[in-house]
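Colleague: Hi! Could you walk me through the pockets in this one?
Modeller: Happy to. Here it is.

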Amino acid sequence: MSIKVGVIGAAGYAGAELVRLLTQHPKFDLEVITSNSDAGTALSEVYPAFAGASDLVFTTHDDPAVKSCELVFLAVPHTAALAQVPGLFDAGVTVVDLSADYRLSDPAVYERWYGATHTSPDLLKIRAFGLPELFAEDLERACELHAAGKPALVACAGCYPTATSLASAPAIRAGWTHGMVVVDAKSGVTGAGKGCNAKTHFCNADEDVQAYKVGCHRHTPEIEQILGKQGELVFTPHLIPMKRGLLSTVYLQLTDEAAGMTVEDMLMCYKDLYAGRPFVQVLPAGEQPHTSSVVGTNVCQVGLAKNERTNTLIATGAIDNLCKGAAGQGIQCANLVFGLDETCGLPRVGMPV
């Protein structure tokens, strides 16, 4: 039987990507899409790519039909999910949240970085962190809740944290590194959301690369939480002139013992950790990830290199920020919660040209 699904915030870039993937999903039946600004407008009018594929019409976020769904994805701005999740949860709806509102375990950390009071900190104790390759047990507990007839809440990892953590967590967890973690990351313009501003205006973004929110980006505490490196992260994001794609390069200082390992040995450990995880591709020694290789897919490509002179490990991860960094990861998590194969309805082959 199909599973009735809704998407709140379906008109944004991540929301539209959810719709694209859900309309082709063999088990999830997308029945409700919401957008306060586009209510009453056909999906295909806002996004002509859906012409002939869907006759859905946007409704408002408070549409009662949302609470009749078994599963709802939230693709709303940070802090907006706080107003939605408790009511959905009380109605017995399983929620997959793409925002940051339930990612950080400590509400005080959330309030410090997002400048808003966390109004449902009790839900942080039961939420699953949505990065399946590194937090499989969280998704297993969420699946058990669903199987017992109870709603589950999944807080999906952000785009920068996903690429950064998949590239570097195996080395950190293996104890190969010490000291500061330095991250240089670059994302396409869709990562900034659908709303346009001076920074994302075509005339300003085209033919330009710029660092932004240097030293104060909100994904900093999330990456530190995932890696267990509180207060030891230097994270600098950059905006690059393309629509989709994210590349994170992580610099890790090796311990004296790990400095004697070869890249091939390290890659073997990575492959062992990610064995059976179909959306992480660990590349052979000498190869580096390309954003163009993963666009449109739920795949993260990971590459490793060593700077022998400085005993530094350079770990690189490439994802599509809208797919593995948002919508695709949300569906991957939902698949696991509902007892489906995690690859169900998700693409693994990118655009060759």
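Predicted model: local features only at pLDDT ≥ 70, side-chain atom pairs only at ≥ 80, totals over all residues.

Colleague: What volume does the second largest pocket have?
Modeller: The second largest pocket comes out at about 750 Å³.

Colleague: And which residues lie nearest its centre?
Modeller: Those are Y13, T190, K243, R244 and L322, out of 30 residues that line the second largest pocket. The largest share comes from α1, with four residues.

Colleague: Nice. Switching over, what's the volume of the largest pocket?
Modeller: The largest pocket has a volume of about 1,200 Å³.

Colleague: How many residues line the largest pocket?
Modeller: There are 48 of them, and H78, T190, G191, A192 and G193 lie nearest the centre of the largest pocket.

Colleague: Which elements give two or more residues to the lining of the largest pocket?
Modeller: For the largest pocket they are α1 (13–22), α6 (159–173), β9 (233–239) and α10 (323–337).

Colleague: And which one gives the most there?
Modeller: That would be α1, with three residues in the lining of the largest pocket.

Colleague: Last one: how does the lining of the largest pocket split by class?
Modeller: The lining of the largest pocket has 23 polar, 19 nonpolar and six charged residues.

Technical notes:
Residues numbered from 1 in each chain as written. Heavy atoms only, no water. 1 Å grid on protein atoms, 1.4 Å probe; cavity = no way out; pocket = protein on both sides within 12 Å on 5 of 7 lines; lining within 4 Å. Points joined across faces, edges and corners; volume = space filled by probe spheres on them. Nonpolar A, V, L, I, M, F, W, Y, C, P; charged D, E, K, R; others polar.
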